[in-house]
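Open the model in your viewer and keep the selection tool ready. This tour goes from stop to stop and says what to pick at each one.

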Amino acid sequence: MLLIHCPYCDETLPEPEFAYAGEAHIDRPADPQQLSDEEWRDFLFIRTNAKGPHYERWRHINGCARFFNAVRDTVSDKFLTTYKAGEARPDLAKLLEGQK
Amino acid sequence: MSAYRVESHGRIKHHQPVSFTFDGETVEGREGDTVASALLANGKHLMGRSFKYHRPRGAIAAGSEEPNALIGTTRSEGRFEPNTRATVQEIYPGLKTESQNSYPSLKYDIGAINDRLYMLFSAGFYYKTFMWPRSFWDKVYEPFIRRAAGLGVSPTVEDPDHYASRYLHCDILIVGAGPAGIAAALAAGKSGAKVLLADEGAEMGGSVLSEPGVNIDGCSAWNWLEARLDELRGMENVTLMTRTTAIGYYHQNMVGLCQKLTDHLTTLPEGAPRERLWRIRANQVILTQGALEKPLVFHENDRPGVMLAGSAQTYLNRYGVLVGRRPVVVTSHDSAWYAAFDLADAGAEVQAIVDLRDKVQSELSDEATKRGIRVLTSHTVTGTSGRLRIKSIRINPLRGSKAGRAETVNCDALLMSGGWTPSLHLFSHTKGTLRWEDDTKAYLPDQKAEACHIAGAGRGLWGIGKALTDGGEAGVAAATAAGFTTIAEAYPVENDREGTGISLRELPTDRSPGKAKAFIDFQNDVTAKDIRLAVSEGMHSIEHVKRYTTNGMATDQGKMSNMNGLNIAADALGKPQTEVGLTTFRPPYTPTTFGAFAGYHKGSHFEVTRKTPIDDWAEENGAAFEPVALWRRAWYFPKPGEDLHAAVARECRATRESLGIFDASTLGKIEVSGPDAVEFMNRMYTNPWTKLGVSRCRYGLLLGEDGYILDDGVIGRLSDDKFHVTTTTGGAARVLNMMEDYLQTEWPDLKVWLTSTTEQWATIALNGPNARNLLEPFVEGQDMSDEAFPHMSVSQCTVAGFPARLFRISFTGELGFEVNVPARYGRALWENLWEAGQQYDVCPYGTETMHVLRAEKGFIIVGQDTDGTVTPDDAGMSWAVGKKKTDFVGMRSLSRPDIAAPGRKQLVGLLTRDSKTVLDEGAQIVADPKQPKPMKMLGHVTSSYWSETLGRSVALAVVQGGRDRMGDSLYVPMPGKDVEVEVTGTVFYDPENARLKL
Amino acid sequence: MADAIEKVSPLHALAEPGRFGDTSGEPGVGLSERLCDSLVQVQAWPDSISALKKAVKSVTGASIKPGNAVATKGDVVLMSTGPGRWLVEDETDDLEVRLRKAIGADIGAVTALTHARTVVSISGERCEWVLASGIALDFSADAFPVGTAKLSHHHEIGLTIHRTGDQAFDLYVVTSMVRSFWGWIARASAEVGYTVS
């Protein structure tokens, strides 16, 4: 059972308070009708299958109900950081440096 | 007085006799005995039969690592447990125990024939023996495997006990209360940190309990132990838990503990849970689990009376039991010498100490000589005799790696030691890495993956003095890491027995190694030969060797067998140990009951049941219920003598002819509020919302971004900036999650809030020609005429004096209303309507009638008539898609090539040519039932009912190109017949919607 | 007509007063249920949080506190349930109307949840023990101080938990699930003995 930091509540809480919500930083196109079939397919279905640090979304479903973003290592399962929805991707190199 | 009980030894209460039974025979033990120690005190080594060969077996160990002595225990009716380790189960008056894997009796067992047929059961026998002849599978092999594939027998009645669980947050968790654990707890406890010290045993002390001769800090070991445990008990910040096994070590220092609360008690306290599963979240974890002794691998090393030397020492010093009066000791490690000395000092005539090493320390041989014990260094053991208990052993001098001429020595027990293995199971659960130390032939902890510390024998430090020092240091390190300050004490220790040894594979023998039954995994009957055979047959990965031989897969999870198995496999492979690697350690550390995992969640607490405010009324009025998502819903209301079909037919008739009343409270309700509410609705739903007037409703269709129907429901506009959205019962949480996702992450600029109001409102649906007649007198603040309040309207008014959201909508095709009132008023409103409705013969109906009535009108149920691959057009609902809209969730997908292509499955109606035949839901549809198999399947039946209204069956189905097949005949193959059906439209009843306009 | 008699508690058949579970010593906890007279959710837009706080103050007389600290004044309770969102409780029957008047669509959204939650109160020496039997939060006073509220869940049942005292908690339970919740908390309390009042 992981511990997860909710960037909205600023609390570190056990995993069952949260729900996984897929890969992060996949923005819905502003005008989907302008996309080719291939572009739309990629938006719908194509996802990174990272071994190692992965940008992903979680929702504090049993708490404040906010969606937020996280960087989690899919090998160790550990979270490197969490941050609010809409914030830019954190610098991975700096995060990994911070882990050492 | 038994010949094996030593009154001067042990921590048990010698003056407190306790009787229990073993295989029906009364056995007398002492308070504090385990089943195994009590049986051994009575000279009984034979405790069970092995799994595969049914060989007679006795206890080989004294703790939870025991692979052989598995028993069934019975406390009372229903309180039966199989596969309990006799070495762990404490005795109490009235306990009934029985041996396993034996028929008709433990001493004369038919299954022992397998032992003679051992050639059939060698490594991989599952894959070889059972391959031929094929016809043997059903009658011979499968029944054999079924009988064999499980130890003991399952309980046959429901477990009357209950189980508890608890979360606990602490600064420092210490696993194992031996010398290292206690020293760690003392150091950490003094820092003020919140400390939890857990031990699987009935009492704390670990190896100190088996070493009363050691002096610590100037006291005898046991006095020291008592004083220091008292000190810990006196610390408010320290919790001590016995009979508590750490079963698994999970992410971020979460450790699962299973605490046995009542299995040792004579009488059960009323209502007390039997076990409690603790989920500990610790800032720091200290693992002080000690080490496990390894058996030696030689021919017939499994005979009852052959036992680990350290365990024999424990039986003597903790339980006052000599496991034999004339034992022989065979060892490659110093520790067994000390066991021999303790037994000799307690009155045993030790026949010989056989050491495989050339030389031992002179202190050891001097001590042996002093006690008159014959010492044979550079000797090996090559066999044992005795039917149900060891009578003699063969001892051979070693000439290099060969065994010389054998000598037979009589004995009544054989104590062996092949060295010690640090217990690293929990550490390995964390994915911490291990390193191989060739000197001691042991794996030791290397890189940590969690905030944990390992101390004592768990990292290869032998002796109580080293364990105390190391434990104290670990306590300081953990406290410091958790933000506390403390110092470690010094523990001067006298008479410590540190000891060294070597590690071996199969012992040399003067007989054919191919015939040796030298066991490694005692419970699964895996021999050294099996491991070598597996390697020679091509199993080169240690994980393959494990599965092919089943080595380490018994209930002891390889505690006894893994290291010997790995050493031998490495030798057979001709590789160094480090290249062979280790098999994976998995939780739980010891077998754990299902009850402990289930905790409170059994019986009526197994699952959450959501109930509506009207649920009680339904129950009082005889409703049959069905589960829908987590809800229980009234399914139908049978009158005496009615079955489902009769009740539903009556409910349908009553509703269509006069009036039906239905509890629709489970429908999901979401309030969408804010200045941008209409824009949000436009983006989410397929339909256009801008022009929907206040007080008007619209059927809304929600797609996934992939273009498939996800949910539907009627949506009312309460004001310019507020919508009352309804969802399907099962889809409510999913829809809210999806809406929140878009709102929070895609369109955070929209000023909209979403709130689930499912729980706030009780919803009562009235349907039928008399619906308005019943309702009108109760309504204040809304003109109920058709002109003022037409179909698809919503009003905030008062019904029966309660504030209400009143909808005029219909899911039946009849004149219909849905009254929402605050939930606690739901029952009162229902009863008001029920009473007044008697003049119209109002009929309560359930979900089944609701399903029939809507199917007659061709209204879909999302998830029944759709399956996640149905687009609005597939469902014949293009009318619900706003033609002028430029975007909504899923819109772009509707023009993807596959979705726009012809020949998709479309929702149609089916009418059976024989009107009495009701199709099976889910049945496949074909054009020609005579075509060769496999037939081309065109689609399937999604909804099928007997329609009482129409006097015939009706069905909905998805069929390839269905709308181009109107009037065609298709076939539905059902058991025993092919049913001919006609493809029709989906609306079977009142296609003009005349009945809505009353 | 809409008086208290008509409000049927979802627990009416379950929560009978008395002494239950282990009766050997003093009861470890006391359980009771409470039906809110008014429980209203208020939600602000990102740019109108201070306006909403002001409106809540004007209606209730109490000031919203930062973070998960609960503001109480007389019968008024103000709890945060997420960014920009609060629950307001009092013992009147027109709180929703008053809040709606003070909080226009330009300031935020007002939704009545009076009937959507049922409050289960637990108090007594063993209340932390009982709650920790099924809820993963740390209930020690350091981690969960008096006068704060947290959101959590037990076995799919959403909970808002307000620590009202050193040994007292109010749990706001989703109404349709409160019977299941009561079944669990009574079972978990049985071991320490409990009273129902």
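Two strands count as paired if DSSP finds at least two bridges between them. By that rule, strand β10 (residues 157-165) of chain C pairs with β11(C) in the antiparallel sense, over six bridges. Bear in mind that this is a predicted model.

**Stop 1: a strand and its neighbours**

Select residues 168-174 of chain C. This is strand β11, and seven of its seven residues are buried, so the rest of the structure largely encloses it. Now look at the side chains. In a regular strand they alternate between the two faces of the sheet. C:A168, C:D170, C:Y172 and C:V174 point one way from β11(C). C:F169, C:L171 and C:V173 point the other way. All of them are buried.

A hairpin of two residues links β10(C) to β11(C). Pick C:L159 and you will find its bridge partner in β11(C), C:V173.

**Stop 2: where chain C meets chain B**

Show both chains. How many residues does each give to the contact? Chain C gives 51 residues and chain B gives 49. About 4300 Å² is buried between them, and carbon and sulfur atoms give 56% of that area.

Zoom in on B:R276 and C:E191. They form a salt bridge, with their closest N and O atoms 2.4 Å apart. The count between the two chains is three salt bridges. Across this interface, 24 residue pairs are in polar contact.

Which elements of chain C give two or more residues to this side? They are β3 (38-44), β7 (108-112), α3 (127-131) and α4 (178-190). The largest share, six residues, comes from α4(C). By class, the side of chain C that touches chain B has 24 nonpolar, 15 polar and twelve charged residues.

**Stop 3: backbone details in chain B**

Select B:P587 and B:P588. The peptide bond between them is cis, with omega near -5°. B:P588 lies in the loop between α15 (577-580) and α16 (594-598).

Go to B:K933 and B:P934. A cis peptide bond joins them too, with omega about -5°. B:P934 is in the loop between β48 (924-925) and β49 (939-947).

Finish at B:Q252, in the loop between β13 (244-250) and β14 (254-260). Its phi is positive, near 50°, though B:Q252 is not a glycine. B:Q252 is partly exposed, at 25% relative accessibility.

Methods: Residues are numbered from 1 along each chain as its sequence is written. Chains are lettered from A and ligands numbered from 1 in the order in which they are written. This is a predicted model: local features need pLDDT of at least 70, side-chain atom pairs count only at pLDDT 80 or more; totals for chains, interfaces and linings use all residues. Side-chain values use heavy atoms; hydrogens and water are left out. Contact means heavy atoms within 4.5 Å. Buried area is the accessible area (1.4 Å probe) that two parts lose on being put together, summed over both. A salt bridge is a side-chain nitrogen of Lys or Arg within 4 Å of a carboxyl oxygen of Asp or Glu. A polar contact is a pair of N or O atoms within 3.5 Å; within protein, one must be able to donate a hydrogen and the other to accept it, and residues adjacent in sequence count only if both atoms are side-chain atoms. Helices (H or I, at least four residues) and strands (E, at least two) are DSSP runs, numbered from the N terminus. Ala, Val, Leu, Ile, Met, Phe, Trp, Tyr, Cys and Pro count as nonpolar, Asp, Glu, Lys and Arg as charged, and the others, Gly among them, as polar. Buried means under 20% relative accessible area, exposed over 50%, partly exposed in between (1.4 Å probe, protein chains only).
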